[in-house]
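Q: I'd like to learn how to read a protein structure. Can we go through one together, feature by feature?

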Amino acid sequence: TILCLIAPIIMGAQEWDDHDRSQKTLAPDIAYDYLVGCPKNAILFTFGDNDTYPLWYAQEVEGVRPDVRIVNTSLLGIDWYVNQLRYKVNESPAFDVVLSEDQLRGFSYIINSGDKSNATQPLYQFIKSTLGSALNNENKSGARIAIPSHLTVPVDVNYVKQSGLVKPTDSVLNQITLDISPNKTFFSLDQITMMSILASSNWRRPICFTSPYGEIGFGPYLRQVGLVYQIVPVNVNAASAQSLNMDVDKTKDLLMTQFRGGNANKPGVYFDEENRRHLLSIRATYAQAASNLADAGRKQEAVALLDRAETIIHPEGLPYAMVSRDNGHNRTSLAYLEAAYKAGDAGLIKKLKDALTKDFNDQLNYYKYLKDQRPEYYNGDLMDDEQFCNRALQQMQAFEKQYNPGAVNITEQPGQRADSLKRKDSTKK
């Protein structure tokens, strides 16, 4: 017995602190961040367990924003789940899904046979009449139907302006048009239900997503508010209005006063790869908002926002630079760096630049070693990573030239980092 107890005792003594998760609150915190970005009585579509379970917890246990209806798109492809939307949940009223329970029973998808006439049809009419007729038949799933190339949704312009759904400076559309790609061969029940909710809501129920979703024509009308993306009757992708894709003032208020970061500002709290991915989404939101503020000439506000980001997410909890899938970590940090350049935050620029330069060159040295010493392990994925690192160093050099004219060259070749740093030091002197 004593011999058998030795191993777990040693493991517990040596690794307890490494596995302590008592201070990590990222799951409920990011759910809170999602919910506070939603307008009153909003519908929030989620796309996976890592979003949905924390949201359910935040609502059902902590009572955060019970007026928001959380809809999981992974379940939305099942008729019984769609039918649950017809009932009130917490403080969220029921809503119209257009199609009847009988029409939805057993239905999972339809095949788009293609619209040869480039037709336009009101979305509500298409779902209620055209699709509804097809779903009255016994063989519902897999039925072939010509879906119009353009589906329109009228806009109650006065209401959306008075309700605060749009900004005072917005050019509100009289209707929005969902352009259906000719390559879209089928529509699943979850997609049909999302379109039904949009068609029947008459803009009284704000529609939000935890990630941008443009597969069924929503893309041009998605505006970011905090961590969520909301459908608005404004063409936010207009070429002459690049800043329209984020409500900067609402996002700034959320980021400055309400956002939480899972205790990433406390020493010793460990975040694994999946945790880091969600933390990066928070850091990326701060970067985008600060960048938009700086572009609008509001640099002091941009600096304050970056300072707030540094307050809730410390680099000890989420490093500025590190290897990750597809270099996603460093891609976010590059956007963060550009926001710091635009805002003129010299201290943050130096920290980010040093961390990214070191990591990119460490990666390049590793890829060079593989090519020279272990070519059998150097494959296409690593080749893509190597190319990205070289492009990223060039991008950082472009930032230096664009935002800090006269700065030294930061692009280095593998194996030359020490000499380069010496040259930089002598240049500064």
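A: Helices (H or I, at least four residues) and strands (E, at least two) are DSSP runs, numbered from the N terminus. This is a predicted model, where local features need pLDDT of at least 70, side-chain atom pairs count only at pLDDT 80 or more, and totals for chains, interfaces and linings use all residues. Residues are numbered from 1 along each chain as its sequence is written, and side-chain values use heavy atoms, leaving out hydrogens and water.

Q: In which sense do strand β3 and β8 pair, and over how many bridges?

A: Strands of a sheet pair through backbone hydrogen bonds, either parallel or antiparallel. Here β3 (residues 109-112) and β8 pair in the antiparallel sense, over three bridges.

Q: What is the strand order in the open sheet?

A: The order is β5-β3-β8, with mixed pairing. β5 (143-145) and β8 (186-188) are the edge strands, each pairing on one side only.

Q: Which residues have the most contacts inside the largest nonpolar core?

A: In soluble globular proteins, nonpolar side chains tend to be buried together. A nonpolar core is a set of buried (under 20% relative accessible area, 1.4 Å probe, protein chains only) Ala, Val, Leu, Ile, Met, Phe, Trp, Tyr and Cys residues joined through side-chain atoms within 4.5 Å. The largest one has 68 residues, and Leu44, Ile282 and Phe360 have the most contacts inside it. Helix α10 gives the most to this core, with nine residues.

Technical notes: Buried means under 20% relative accessible area, exposed over 50%, partly exposed in between (1.4 Å probe, protein chains only). Two strands pair if DSSP finds at least two bridges between them.
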